[in-house]
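This report walks through selected side-chain and helix contacts. Please keep the sequence and the 3D view open while reading.

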Amino acid sequence: MDSNEESAELKKRCPNTSLLLAICAACIGGTFQYGYNISIINSPTKSVQNFINQTWLERYEENISEQYLTLLWSSIVSIFTIGGFIGATIGGTLAIRFGRKGTLMMNNAFALLAALLMGLSYPTGLFELLIIGRFFTGVNAGIGICVQPLYLGEIAPRALRGAMAMGTSIFITGGILTGQVIGLNELLGKEEYWPILLSTTCIPAFLQLLILPWFPESPRYLLIDRGDDVGCGTAMKQLHGTDNFDREREDMERERISAMGIKPKKPWELFMDRSLRWQVLTIIVINAAQQLNGINAIYFYTDYVFEEAGIPEVNIPYVTVGTGACECLTALTCGMLIESLGRKVLIIGGYTLMAFWCICFTLTLTFQGAGPWIPYLSMGCVFAFILSFGMGPGGVTNILITELFTQTTRPAAYMIGGSVNWLSFFFIGMAFPFIVTKLQQYCFLVFLVVCVLVAVYIFLVVPETKNKTFLEIQIEFQSGEKRKASKADHSPRTTMLSTPL
């Protein structure tokens, strides 16, 4: 009997091969594209600027001004965030109408169109195609980062939901690392290869179009949104194995009954629903903090820190690849720890450590010239901060969005969370240069405050969601609301109102 129980427990903890492959198929054309397209634009900066200058000279027989060149390059880079915001705002709606898998498949059209436009920009002499292409890569990334975590959270069994949903972070960091490696001079980093480099965004899209059709739609979507009982059973059999999904099916049935007659909610309906106000506030806080916690500032300072440590300029791209590998390995480690330690411990611990490294990095940058060993401490702070981010907010944020909402509210929640994330990304991109100019290394004290405040908020407000059903998590939030209401009812203010005049 004991051996049978151990065998059953092992099956729960070990995902089915089909489930792992489905996650890889969803992620390769989803969040991998997000990380990849953030990363590859850094390598060809000088090459693209030379192309713009040459094109301008051929058109107008004069060199482009430095200010206008900077404006065009900034547009190529930042239009990605505008596209991402638009993608996030429509992703949830598309996921409801066409399904999670169907939306991911359709989303590849944006990546393929973007690759075509950016590849044609050089032979046609139209740098404007780069701006349009980057916009479509942003739309692709915005939809992917909204819908793909939704798909992952719904196909994974409860006991493995956190670990499987970590595919989102693992593939983002994997995309960043892949872009850094492909952008090296030994591969596609040379000046003449930049159109090919920017067009490689079509490769993950083709891979997903080839692989994802072999895997089913989200069983939750089929049962709760579409009422397809047979399709749900077939999908669960493929994803979880023939003997391993009865408990999950019961959870889905309970959620289906509770959602009966309720249509999927729109984002503005979530804001008006008082029973969801803490969940909505939570996803706004954690998504804004994911961009405003200082991780972008760390990457901004890496080249300076590496130069001060004596690393030759030609070798800095290879050390930067090391930071990408560090973040990728951390995401993998977080995936192994999340089901044992829980979401709350990891995200609070991550923000707390990031706050500590903000203090250390501020000190090492301030006293950079105090000794030959100080720059190496700064390098240590860079890697430690990246590790802390990957173990906490980088890995757990998307999982929490999945778990804090039920089937009828989850797509709208992802639209809200994704929109806040992209707007914060755009804001930090616009505001950060001014923050650095004014505060210099002391800018990390601003990020210190952000990290501390978010850690305190999560500690006080967000419950642990590990190994709980979506309904149980919702009930826990609602019971917290009732306790607060009960305290308010028994407050002295209530007693004063009940006394006779």
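## Terms and basis

Contact here means heavy atoms within 4.5 Å. This is a predicted model, in which local features need pLDDT of at least 70 and side-chain atom pairs count only at pLDDT 80 or more, while totals for chains, interfaces and linings use all residues. Residues are numbered from 1 along each chain as its sequence is written, and side-chain values use heavy atoms, with hydrogens and water left out.

T465 sits in the loop that joins α23 (443-461) to α24 (470-489); helices are DSSP runs of H or I with at least four residues, numbered from the N terminus. Because its relative accessibility is 0%, T465 counts as buried, a term that stands for under 20% relative accessible area, with exposed meaning over 50% and partly exposed in between (1.4 Å probe, protein chains only).

When neighbours within four places in sequence are set aside, T465 is in contact with R161, R343, L400, E403, L404 and I473. With one of these residues, R343, there is also a polar contact from side chain to side chain, at 3.5 Å. A polar contact is a pair of N or O atoms within 3.5 Å; within protein, one must be able to donate a hydrogen and the other to accept it, and residues adjacent in sequence count only if both atoms are side-chain atoms.

## Packing of α2 against α11

Helix α2 (residues 17-28) packs on helix α11 (residues 202-211) at an angle of about 145 degrees, and their axes are 8 Å apart. Axes are lines fitted to C-alpha atoms, for helices over the stretch in contact, and angles run from 0 to 180 degrees between N-to-C directions.

On the α2 side A25, A26 and I28 take part, and they meet P204, L207, Q208 and I211 of α11. The residues of this contact divide into six nonpolar, one polar and no charged, where Ala, Val, Leu, Ile, Met, Phe, Trp, Tyr, Cys and Pro count as nonpolar, Asp, Glu, Lys and Arg as charged, and the others, Gly among them, as polar.

## Aromatic pairs

The structure holds 14 aromatic pairs. Rings of Phe, Tyr and Trp (its six-membered ring) pair if their centres lie within 6.5 Å, and planes under 30 degrees apart count as stacked, over 60 as edge-to-face and the rest as tilted. Among the pairs is F356 with W357, edge-to-face at 4.9 Å centre to centre and 65 degrees between the planes; F356 is partly exposed, because its relative accessibility is 44%.

F444 and F447 also form an edge-to-face pair, with 6.0 Å centre to centre and 70 degrees between the planes, and both residues are buried. They are separated by about one helical turn because they lie three residues apart in helix α23. Elsewhere, Y34, F80, W422 and F425 form one aromatic cluster.

Definitions and conventions. Helices (H or I, at least four residues) and strands (E, at least two) are DSSP runs, numbered from the N terminus.
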